[in-house]
Amino acid sequence: MPVPLLDLKAQHALIRDDVVSAMLRVVDDQLFILGEPVERLERMVADLSRTRHAIGCASGTDALLLAMRALDIGRGDEVVTAPFTFFATAGTVHNLGATPVFVDIDPDTFNIAPDAAAAAVTSRTKAIIPIDLFGQMAPLEEIRARTPAIPIIEDAAQSIGANRMIGGQRVMAGEAATIGTFSFFPSKNLGGYGDGGMMVTQDDGIAERLRRLRVHGGATQYFHDEVGFNSRLDALQAAVLGAKLPHLSHWSAGRRANAAYYTSGFADVPELRTPCIDPANESIFNQYTLRAQRRDELQAYLKSKGIGSAIYYPLPLHLQPCFAYLGYKKGQLPESERAAQEVISLPVFPELTSSQLDEVVGTVRAFYGR
Ligand SMILES: Cc1ncc(COP(=O)(O)O)c(C=O)c1O
């Protein structure tokens, strides 16, 4: 039985009426940029993230770009981040004229190692960008404890609704950062029907600046306090996302249940190292990513059986040709490089049926002769 890595049609079929009527309302109103649907979604995301502000923008990439601009990051500045992530985390740093400073990851969580992040801070460091990779929050409190004066931009593109116990309190993705950034790319747990993104913050001044920066830097139309960007969230995307958001916690719970099923199904396979499932650091499992011996052979075998999988990410950013000018050498960030060789992500979307789950478990086990 074929099992796709992701089946967006299965989800759309369940919510089609709500989403289509929300889209039709926008079409009938003929108001397509920002406006009421965006403001409504911003309130919903601020409530979910427990932040004072949420500001919609055109993509998760732009959310990072605007966040850095709001912190005045530019030429000559350094931004500390991890190289085991999607390209946008560091591409945006480069595009602002700043220098990405890559540090290694914690091999258990794939997230940035707080000691390494703190050790990389210099007088030129303007921010640290931890990534909440695969849906699980990075240890923000450990980073903040080591470098309290450095702003944190939490790249939460993959982790809206994730939460983590900090000081005995559950803290939501984005809540504790200087600025948290989300992506609504269609394959995310909360995905639009096109591109979209959002920034969250507790800081009134930063929020005002972000609102200005997304409309060419002018709080009043045709009057510009600074040069910003065109990075507005479409009303149509906001309408789709507003109809989907009430389902998010249910979908994320479904992903967690699927992840737990895999983890118990692979418990006796020594060639596999399953992701850490920690109720004190509740992942939304945007990906179910494990480490596998003979990873490439496993992926070819899964493909031959019609089972979708993906490698996130095959080449860490410090070794990408475009960042050769930064001078990193192979072997310099060994945990990131090892992860790139070993990881494989399996289908974990919430609409998977129990027979599809069993098919994935059985096929992986068969590959290892179990
Ligand atoms: C970790 C991370 N950061 C940033 C982004 C960029 O988001 P977008 O594709 O919405 O620009 C993504 C999207 O894949 C991501 O996974």
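## Strand 1 and its partner

C57 of strand 1 has G197 as its bridge partner in strand 9, and this is one point in a pairing of five bridges that joins strand 1 to strand 9 (residues 197-201), with the two strands running antiparallel. The model described here is a predicted one, and its confidence values are taken up in the next section.

Strand 1 itself, which spans residues 53-57, is mostly covered, with five of its five residues buried. H53, I55 and C57 point one way from the strand, while A54 and G56 point the other way, and all of these residues are buried. This arrangement can be read against a general rule, namely that in a regular strand the side chains alternate between the two faces of the sheet.

## Confidence of the prediction

The protein chain has a mean pLDDT of 97, and 100% of its residues reach 70 or more. Among the elements of the chain, strand 11 (residues 281-282) has the lowest mean pLDDT, at 96, whereas strand 8 (residues 179-183) has the highest, at 99.

Strand 8 is largely enclosed by the rest of the structure, because five of its five residues are buried.

## Helix 3

Helix 3 (residues 60-70) is mostly covered, since 10 of its 11 residues are buried. The buried residues are G60, D62, A63, L64, L65, L66, A67, M68, R69 and A70.

At the start of helix 3, a side-chain oxygen of S59 reaches to within 3.3 Å of the backbone nitrogen of T61. The helix is followed by D72, whose phi is positive, near 60°.

## Surroundings of the ligand

The ligand is surrounded by 15 residues, of which the closest are G60, T61, D155, S183 and K188. A polar side-chain atom of T61 lies 2.5 Å from an oxygen atom of the ligand, and an N or O atom in the side chain of S183 is 2.7 Å from an oxygen atom of the ligand. D155 has a polar side-chain atom that lies 2.8 Å from a nitrogen atom of the ligand. On its own the ligand has 390 Å² of accessible area, and the protein covers 93% of that area.

## Aromatic pairs and a cis peptide

The structure holds 15 aromatic pairs. One of them is formed by F110 and F134, an edge-to-face pair with 5.5 Å from centre to centre and 80° between the planes. F110 lies in the loop between strand 3 (99-102) and helix 5 (114-119), and F134 in the loop between strand 4 (125-129) and helix 6 (140-146), so the pair ties together parts that are 24 residues apart in sequence. F110 counts as buried because its relative accessibility is 7%, and F134 likewise counts as buried because its value is 6%.

Ring pairs also link F84, F110, F134, Y312 and Y313 into a cluster. The peptide bond from Y312 to Y313 is cis, with omega near 10°, and Y313 has its place in the loop between helix 10 (295-304) and helix 11 (334-342).

An open sheet is formed by three strands in the order 10-12-13, with antiparallel pairing. Strand 10 (272-273) and strand 13 (343-346) are the edge strands, each of which pairs on one side only. Two bridges join strand 10 to strand 12 (residues 288-292), and L272 has A292 as its bridge partner in strand 12.

## Positive phi in two loops

L34 is not a glycine, yet it has a positive phi of about 50°; L34 lies in the loop between helix 1 (8-29) and helix 2 (36-49), and it counts as buried at 18% relative accessibility. Y222, also not a glycine, has a positive phi of about 75° and lies in the loop between helix 7 (204-213) and helix 8 (235-244). At 65% relative accessibility, Y222 counts as exposed.

Key:
Residues numbered from 1 in each chain as written. Heavy atoms only, no water. Buried < 20%, exposed > 50% of the residue type's maximum accessible area, 1.4 Å probe, protein only. Helix = DSSP H or I, 4+ residues; strand = E, 2+ residues; numbered from the N terminus. Pairing = 2+ DSSP bridges. Phe/Tyr/Trp six-rings, centres within 6.5 Å; stacked < 30°, edge-to-face > 60°. Near = heavy atom within 4 Å. Polar contact = N/O pair within 3.5 Å; in protein donor to acceptor, adjacent residues only side chain to side chain. Areas by Shrake-Rupley, 256 points an atom, 1.4 Å probe, with all protein chains shown as cover. pLDDT = per-residue confidence, 0-100.
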